Amino acid sequence: MSTQDVSTWHYGVIAHWWAEFNTTGPEIDYFRQFVEAGQPALDVACGTGRLLLPYLREGLDVDGCDVSPDMIARCREAAAREGLSPNLYAQAMHELDLPRRYRTIFVCGGFGLGSTGEQDLEGLRRLHDYLEPGGLLVLDKEMPYAAGTRWQYWLKEKRQELPLPRREPGKRRVGSDGAEYELRGRLIDADPLDQSVTLEMQAFMWRDGELVAEEEYLLTERFYFRNDLVRLLEHSGFLDVEVRGDHNDAPPRAEDDFLVFLARRQAT
Ligand SMILES: C[S@@+](CC[C@H](N)C(=O)[O-])C[C@H]1O[C@@H](n2cnc3c(N)ncnc32)[C@H](O)[C@@H]1O
């Protein structure tokens, strides 16, 4: 399987959008504690470096990987602008082939995207194998019943309404280079047996009022409930699997949209 088989939308204009507009968020502070406690660290599905760049700036030893060469390219450019030259790899999680192992591996918003169920399992096995003995995996996952996941469309009656209609033109955002950007997403399909949804994203870019790029992508996301993911981690060789709340250190609650999974590789 090549990285081309992974169905995500993090390419082209969308990679520019991420680099321009997705640069903050509470996850940066949350994941930092784990990186500080165990280096070197690997940021899996690092995207354009929302977490990676602040950590590198602080002198932490972190490598990054992501299935999208476009996201990696935008990340590399942003790092270079600050005089940084991180080790970045354009690889899918289930195909990881890296030169070193890590004390900490973290995945923020990247698990279950664009992959099959078998690839998710293989991805976890590789993350396990790229940890040093005793190393820690920290992985977050949005729950299927979270606010933004359109849970109602998993129901038989609501699935008849899919695909949802395309969105009307909305608000454009202006990037640092003066280009204007707009993304329009919609739900295409929900497959309860596979626990996955298919989403479409249209991406537009204008320069000086003229449309210079119009792209269309599909992304699949596979959802896992808490117990699904705990079992998958155990099945992949991890020990001491612990679940925490939505980017906090509290026990998980039904109100949490995201859960965070901590899992260790055996010490010896
Ligand atoms: C929601 S973004 C999160 C990016 C970054 N972790 C952050 O929090 O800013 C998801 C990222 O996962 C990457 N991705 C999706 N499927 C992947 C896979 N199977 N293996 C590795 N990366 C993947 C995408 O290319 C994208 O950059």
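Visitor: Which residue does Glu 27 form a salt bridge with?
Guide: In this predicted model, Glu 27 forms a salt bridge with Arg 50, and the closest N and O atoms of the two are 2.8 Å apart. The pair links distant parts of the chain, since Glu 27 sits in helix α2 (residues 27-37) while Arg 50 sits in the loop between β1 and α3, 23 residues apart.

Visitor: And is Glu 27 buried or exposed?
Guide: Glu 27 is buried, with a relative accessible area of 15%, and Arg 50 counts as buried too, at 16% relative accessibility.

Visitor: How many salt bridges are there in the whole count?
Guide: The count comes to 23 salt bridges. Among them is the one between Arg 100 and Asp 63, whose closest N and O atoms are 3.0 Å apart. Arg 100 lies in the loop between β3 (88-90) and β4 (102-107) and Asp 63 lies in strand β2 (residues 62-66), so this pair ties together parts that are 37 residues apart in sequence.

Visitor: OK, back to Asp 43: where is it found?
Guide: Asp 43 is in strand β1 (residues 41-44). This residue is buried yet has no salt bridge, and the nearest side chain of opposite charge, that of Arg 50, is 8.4 Å away.

Visitor: So what does Asp 43 touch?
Guide: Leaving aside residues up to four places away in sequence, Asp 43 touches Leu 51, Leu 52, Val 62, Asp 63, Gly 64, Cys 65 and Phe 106.

Visitor: Changing topic, how much space lies in the second largest pocket?
Guide: About 180 Å³ of space lies in the second largest pocket. Its lining is made of 14 residues, and of these Thr 23, Thr 48, Leu 53, Arg 57 and Ala 78 lie nearest the centre. The elements that give two or more residues to this lining are α1, α3 (52-57) and α4.

Visitor: What's the lining like by class?
Guide: The lining of the second largest pocket has five nonpolar, four polar and five charged residues.

Visitor: Which residues of helix α1 are buried?
Guide: In helix α1 (residues 12-21), the buried residues are Gly 12, Val 13, Ile 14, Ala 15, Trp 17 and Phe 21. They pack against α4 (69-81), β6 (173-174), β7 (180-191), β8 (196-207) and β9 (210-222).

Key. Residues numbered from 1 in each chain as written. Predicted model: local features only at pLDDT ≥ 70, side-chain atom pairs only at ≥ 80, totals over all residues. Heavy atoms only, no water. Buried < 20%, exposed > 50% of the residue type's maximum accessible area, 1.4 Å probe, protein only. Helix = DSSP H or I, 4+ residues; strand = E, 2+ residues; numbered from the N terminus. Contact = heavy atoms within 4.5 Å. 1 Å grid on protein atoms, 1.4 Å probe; cavity = no way out; pocket = protein on both sides within 12 Å on 5 of 7 lines; lining within 4 Å. Points joined across faces, edges and corners; volume = space filled by probe spheres on them. Nonpolar A, V, L, I, M, F, W, Y, C, P; charged D, E, K, R; others polar. Lys, Arg positive; Asp, Glu negative; His and termini not counted. Salt bridge = Lys/Arg side-chain N within 4 Å of Asp/Glu carboxyl O.
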